[in-house]
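Have the viewer open while you read.

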Amino acid sequence: MKMTGEEEIEYRIIKSGRRKTMGIVITGDGSVEVRIPVWVTYAAAEEFVKDRYDWILKSRKKMLARKEKHDARNWDEIRQYTTAWIAGTGGLVFRAKVAYWAQKLGVTYNRITIRDVSSRWGSCSARGNLSFSWKIFVMPERLVDYLVVHELSHLRYMNHSREFWDMVQTYIPDYKKIKKEFEEYV
């Protein structure tokens with residue numbers, strides 16, 4: 001489907017039986033997905049999109065700028081160097097960092113994996129498994145600390161509730177500034 005205005009934007013509607021609310025996702029390549037519960041009509045989804053046109057346009061431009069910045073880096077060369085470093089001392093240092101923060105937060109995790117993913121920098125599963133992109137190893141340490149504390153905080157709060165952010169702020173007092181810097185970096 002297409003949305004017209006200042007700029008014409010194509011979008012795709014995806015219905016899901018598990019979804020309870022409507023949501024809009026701007027993917028890494030700038031495409032727009034409108035995710036809706038099965039009971040929502042296409043007309044209601046289109047109205048939802050129209051109401052959020054300005055936000056979609058702004059978010060899409062931001063995502064495309066991020067992609068351009070990302071594409072400008074020579075990630076293949078960086079990956080080769082970083083992968084070797086992670087396999088050696090880098091992986092040990094990072095695991096020690098996660099263990100340090102976990103102890104400070106009073107949480108326990110199951111295992112840590114380092115992956116080659118493009119859409120997420122870190123995640124935490126309900127089983128307590130932590131996963132991080134290898135790309136975090138080229139970020140400034142304060143950003144890595146923020147990401148580690150963020151993911152470890154999910155072991156207590158599997159959402160982004162006020163309590164979750166309060167926990168993050170306890171350990172990273174200037175997390176809002178760092179979060180903004182993190183978003184600029186990626």
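Leaving out residues up to four places away in sequence, Phe-94 touches Ile-112, Ile-114, Phe-132, Ile-136, Phe-137, Val-144 and Val-148. Keep in mind that this is a predicted model. Phe-94 is also among the residues with the most contacts inside the largest nonpolar core.

**The cores**
- The largest nonpolar core has 31 residues, and besides Phe-94 its most-contacted members are Val-98, Phe-132, Ile-136, Val-148 and Leu-152.
- Two or more residues each come from α3 (75–105), β7 (130–133), α4 (141–153), α5 (162–171) and α6 (175–185).
- Of these, α4 gives the largest share of the core, with 7 residues.
- There's also a second, separate core of 16 residues, including Ile-9, Ile-24, Ile-56 and Met-63.
- As background, nonpolar side chains in soluble globular proteins tend to be buried together.

**One face of α5**
- Phe-164, Trp-165, Met-167 and Val-168 are buried in α5.
- Look down the axis of α5 and its buried residues fall within an arc of 155 degrees, so they line one face of the helix.

**The loop at Asn-110**
- Asn-110 sits in the loop between α3 and β5 (112–115).
- What does Asn-110 touch, not counting residues up to four places away in sequence? The contacts are Arg-127, Gly-128 and Asn-129.
- Arg-127 is 17 residues from Asn-110 in sequence, with the two C-alpha atoms 7.1 Å apart in space.
- With Asn-129, the link is between side chains: a polar contact of 2.8 Å joins that residue to Asn-110.

Definitions and conventions:
Residues are numbered from 1 along each chain as its sequence is written. This is a predicted model: local features need pLDDT of at least 70, side-chain atom pairs count only at pLDDT 80 or more; totals for chains, interfaces and linings use all residues. Side-chain values use heavy atoms; hydrogens and water are left out. A nonpolar core is a set of buried Ala, Val, Leu, Ile, Met, Phe, Trp, Tyr and Cys residues joined through side-chain atoms within 4.5 Å. Buried means under 20% relative accessible area, exposed over 50%, partly exposed in between (1.4 Å probe, protein chains only). Helices (H or I, at least four residues) and strands (E, at least two) are DSSP runs, numbered from the N terminus. Contact means heavy atoms within 4.5 Å. A polar contact is a pair of N or O atoms within 3.5 Å; within protein, one must be able to donate a hydrogen and the other to accept it, and residues adjacent in sequence count only if both atoms are side-chain atoms. The arc is that of the directions from the helix axis to the C-beta atoms.
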